[in-house]
Amino acid sequence: MKHKSLADENEELKSKLEDRYKFQNVIGKSKKMQELFDLVDAVAASEANILIQGENGTGKELIANAVHYHSKRSKGPFIKINCAAIPKELIESELFGYKKGSF
């Protein structure tokens, strides 16, 4: 019974997250924002990995969440990586791995 209760709570919390990251919650009615929403729809429908770039405070994380929760992979894990926090010498090996002894 406890397991069922936790599973139900987990599903409820996931549902709340999905509601939080719907496109309707992203503010913007300009032509550029509408183009961005169209692009996000297209990317979410694909199986591609994506890189979101932009200035601080422009909503990159909000868009990343929207892409994830509108994709076919929304039930799986979502890993956010702040590439700016990783030295450029290490970014490739951190993201894609490396063979032992290659350095």
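A residue is called buried when its relative accessible area is under 20%, exposed when this area is over 50%, and partly exposed in between, as judged with a 1.4 Å probe and protein chains only. The structure is a predicted model, in which local features need pLDDT of at least 70 and side-chain atom pairs count only at pLDDT 80 or more, while totals for chains, interfaces and linings use all residues. Residues are numbered from 1 along each chain as its sequence is written, and side-chain values use heavy atoms, with hydrogens and water left out.

Helices are taken as DSSP runs (H or I, at least four residues) and are numbered from the N terminus. Helix α2 (residues 31-45) comprises 15 residues and reaches 22 Å from its first C-alpha to its last, which is close to the 21 Å expected at 1.5 Å a residue, the expected span being 1.5 Å times one less than the number of residues. The buried residues of α2 are Phe-37, Val-40 and Ala-44. Seen down the axis of α2, these buried residues fall within an arc of 60°, so they line one face of the helix; the arc is that of the directions from the helix axis to the C-beta atoms. The face of α2 turned away from this buried side carries the exposed residues Lys-31, Lys-32, Asp-38 and Leu-39, whereas the cover over the buried residues includes α3 (60-69).

A nonpolar core is a set of buried Ala, Val, Leu, Ile, Met, Phe, Trp, Tyr and Cys residues joined through side-chain atoms within 4.5 Å. The largest such core has 6 residues, namely Val-26, Phe-37, Val-40, Ala-44, Ile-63 and Val-67. Helices α2 and α3 each supply at least two residues of this core, and the largest share, 3 residues, comes from α2. Within the model, Val-26 touches Met-33, Phe-37, Leu-62 and Ile-63, not counting residues up to four places away in sequence, where contact means heavy atoms within 4.5 Å.

Helix α3 also contains His-68, which is buried, with a relative accessible area of 8%. Leaving aside residues up to four places away in sequence, His-68 touches Arg-73, Ser-74, Gly-76, Pro-77 and Phe-78.
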